[in-house]
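Please open the structure in your viewer and keep the selection tool at hand.

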Amino acid sequence: MTLNPTDLRTYPVQPKPCRTCPFAGRNPIELLPERYQHFLANLFGQGQHLCHSVDNQKICRGGREIQLRWLCLIGALNEPTDEAFNAAVDEVMRKLGK
């Protein structure tokens with residue numbers, strides 16, 4: 001599948017957080033609190049965080065893990081897994097006729 005910047009479903013997800021992942025890396029990039037909050041707001045809104053270590057060609061695993069746990073907590077997913085996330089997205093898209 002070709003990467004489509006307007007459809008993040010076309011992006012693969014990193015299998016594990018990169019070493020410098022600001023969310024879950026062993027040696028995370030330091031971010032100003034405002035920048036970190038911006039990233040979290042995106043994850044809790046409608047977006048994904050793309051991994052800087054692979055030139056934004058994959059979805060960040062650390063960010064996805066935060067997103068999955070949050071979506072589970074608010075009841076949008078039954079379990080915090082990529083499979084549950086993809087099924088929920090597919091269901092929404094089906095309802096929208098896309």
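**First stop: helix α2**

Select residues 61–73, which form helix α2: its 13 residues reach 18 Å from the first C-alpha to the last, close to the 18 Å expected at 1.5 Å a residue. Please bear in mind that this is a predicted model.

Next, colour the buried residues of α2, namely Arg-61, Gly-62, Gly-63, Arg-64, Ile-66, Gln-67, Leu-68 and Leu-71. Against which helices do the buried residues of α2 pack? Display α1 (33–44) and α3 (82–96), and the two packing partners are in view. Before leaving the helix, select Gly-75, which follows α2 and has a positive phi, near 85 degrees.

**Second stop: Gln-67**

Return to helix α2 and select Gln-67, which has its place there. Is Gln-67 buried or exposed? Its relative accessible area is 4%, and because buried means under 20%, Gln-67 counts as buried.

Now show the side chain of Gln-67 together with the backbone of Leu-43: the side chain reaches the backbone oxygen of Leu-43 at 3.0 Å. When neighbours within four places in sequence are left aside, Gln-67 is in contact with Leu-43, Gly-47, Gln-48 and Phe-85.

Side chains of opposite charge can pair when their charged atoms come close. The count for this model comes to five salt bridges.

Select Arg-61 and Glu-65, which form one of them, with the closest N and O atoms 2.8 Å apart. Both residues lie in helix α2, four residues apart, about one turn of the helix. Arg-61 counts as buried at 9% relative accessibility, whereas Glu-65 is partly exposed, with a relative accessible area of 28%.

The side chains of Arg-61 and Asp-82 meet in a salt bridge, 2.5 Å from N to O. This pair links distant parts of the chain, since Arg-61 lies in helix α2 and Asp-82 in helix α3, 21 residues apart. Arg-61 and Asp-82 are both buried. Finally, include Arg-64 to view a network of salt bridges that links Arg-61, Arg-64, Glu-65 and Asp-82.

**Last stop: a pair in helix α3**

Select Glu-91 and Arg-94, which form a salt bridge whose closest N and O atoms are 2.5 Å apart. The two residues lie in helix α3, three residues apart, about one turn of the helix. Glu-91 is partly exposed at 32% relative accessibility, while Arg-94 is exposed at 55%.

Technical notes:
Residues numbered from 1 in each chain as written. Predicted model: local features only at pLDDT ≥ 70, side-chain atom pairs only at ≥ 80, totals over all residues. Heavy atoms only, no water. Expected span 1.5 Å × (residues − 1). Buried < 20%, exposed > 50% of the residue type's maximum accessible area, 1.4 Å probe, protein only. Contact = heavy atoms within 4.5 Å. Polar contact = N/O pair within 3.5 Å; in protein donor to acceptor, adjacent residues only side chain to side chain. Salt bridge = Lys/Arg side-chain N within 4 Å of Asp/Glu carboxyl O.
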